[in-house]
Amino acid sequence: MTKRSIVLYLHVHQPHRVKKYSIFNAGHDHGYFSDHDHQSDTNNAKIMQKVAEKSYRPMNAMLEKLLAAHPEFKFSLSISGTFIEQAEKCCPDIIASFQRLVATGRVEIVAETYYHSLAFFYSREEFERQVEAHEKKIKETFSVTPKIFRNTELSYNNDLAQWADEKGYEGILAEGWDPILEWRSPNHVYRPTDTKNIKLLLKNYRLSDDLAFRFSDRNWKEWPLQTDTYIKWLHDSATSGPLINLFMDYETFGEHQWADSGIFNFFESLITKWSHCDHSDFLTVSGAVQAAEAVGEVSMPYTVTWADTERDLSAWLGNSMQQESMRHIYDLGPKILATENQQLIHDWRNLQTSDHVYYMCTKSSDDGAVHSYFSPYKSPYDAFLYYSNALRDLSCRAATLAQEAAEKARVPVRIIKNDK
């Protein structure tokens with residue numbers, strides 16, 4: 001009998017949220033990201049500590065326990081550079097616990113952009129710089145080099161796959177979206193179109209979203225979800241392919257689905273019971289692409305993501321505020337980089353993080369509710385206003401530094417002769 005493998009991949013990320021930055025801040029206050037006002041909803045240190053207590057600490061402790069108890073258990077993570085920076089600063093114990101997980105040799109780190117940005121769609125050069133910076137940070141922090149790539153928000157198209165193939169990645173992750181797959185199952189390894197070596201793993205979004213979004217919904221007909229029921233669904237799904245790709249945010253556990261929903265007990269029971277099922281195991285994402293040949297080719301000529309009903313970029317680029325913000329931040333690139341000022345460049349890149357425009361989304365219905373849940377602002381218009389003011393100050397800083405450099409270049413050099 002063919003083995004049925006859970007391929008668990010969890011994404012870890014926290015942005016540097018822009019504080020309530022008014023036009024009166026611009027020109028003199030260059031600290032866009034607040035870690036000092038502990039009453040503010042945009043205080044990044046406070047948010048990190050809150051999520052650490054609710055999610056990272058209990059989930060990491062459980063994962064360590066499960067890895068020790070079940071030698072066949074393994075999984076994959078992606079961890080953004082902005083998360084690592086903040087955790088190193090205010091929750092170093094979280095970094096230490098992730099290091100212990102990776103040190104087991106059964107927890108894989110996946111490559112991405114350092115700043116969790118949409119740079120691929122605006123500047124290929126900037127995108128590559130951020131991927132290189134992320135790889136360097138992962139090597140420094142965890143002593144590993146990623147083999148598999150995932151783009152921000154699992155955004156994917158044929159061009160991205162071709163880029164990753166040329167860069168030598170063994171695999172790439174994407175959403176297993178029905179309009180793309182048609183009759184095919186996400187439970188197989190595929191080959192991206194027009195590539196030579198890279199393989200494609202597709203998220204089983206139904207089974208993943210049962211945990212990530214529906215688990216605590218009392219209006220869901222399957223609530224409360226029992227472990228045995230979910231395992232039956234996994235086995236039923238495995239009839240259409242041997243891989244069950246469960247991709248979701250790490251914060252699903254404890255933050256999006258609170259502890260009182262039973263999510264931690266459910267997960268521990270799931271891993272334990274699956275470990276005892278016949279012909280069932282676990283694979284990392286690189287283990288999955290190495291274990292199986294591609295059964296066919298998948299083409300995604302337009303961009304697919306893992307967010308919202310449309311599974312496109314509309315969560316981040318669906319209205320004029322979002323589009324203008326992204327156009328402006330990348331248009332500033334040449335001016336910012338020309339200054340060679342590392343703090344300015346770092347601020348510019350932190351403002352590229354996709355969360356900033358996600359908070360500007362004006363969708364309604366269920367998608368709108370999800371956006372509102374994650375946003376620290378009263379409205380998407382406030383998010384746009386604070387962000388625009390920060391960009392204005394960023395542009396002024398770049399102009400001031402350019403002017404100072406030009407004036408310095410024009411200063412004549414006084415030559416003092418030593419006459420005897």
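The lining of the largest cavity holds nine nonpolar residues, no polar ones and no charged ones. Here Ala, Val, Leu, Ile, Met, Phe, Trp, Tyr, Cys and Pro count as nonpolar, Asp, Glu, Lys and Arg as charged, and the others, Gly among them, as polar. This is a predicted model: local features need pLDDT of at least 70, side-chain atom pairs count only at pLDDT 80 or more, and totals for chains, interfaces and linings use all residues. Residues are numbered from 1 along each chain as its sequence is written, and side-chain values use heavy atoms, with hydrogens and water left out.

The cavity lining consists of Ile6, Leu8, Leu211, Leu246, Met248, Phe253, Phe267, Leu270 and Ile271. Helix H9 (263-275) gives the most, with three residues. Strand E1 (4-12) and strand E8 each supply at least two. The space amounts to about 30 Å³. A search of the whole structure finds one cavity of 30 Å³ or more. On a 1 Å grid over the protein atoms alone, a cavity is a set of points where a 1.4 Å probe fits but cannot get out; a pocket is an open set with protein on both sides within 12 Å along at least five of seven lines; lining residues have an atom within 4 Å of a point. Grid points are joined across faces, edges and corners, and a volume is the space filled by probe spheres set on the points.

Now the open space. The largest pocket holds about 1200 Å³. Its lining has 45 residues, with Phe213, His256, Tyr358, Val370 and Phe374 nearest the centre. Among the elements that give two or more residues are helix H1 (44-69), E8 (243-249) and helix H16 (365-374). H16 gives the most, with six. This lining divides into 19 nonpolar, eight polar and 18 charged residues.

Next comes a sheet. Five strands form an open sheet in the order E4-E5-E7-E6-E10, with mixed pairing. Strands pair if DSSP finds at least two bridges between them. E4 (148-149) and E10 (297-298) each have a single partner strand, so one side of each lacks a neighbour in the sheet. E4 and E5 (171-175) run parallel, joined by two bridges. Ile148 stands opposite Gly171.

Finally, the whole chain. It has 17 helices and 10 strands. These are DSSP runs, numbered from the N terminus: helices (H or I) of at least four residues, strands (E) of at least two. The C-alpha trace spans about 95 × 50 × 40 Å along its principal axes.
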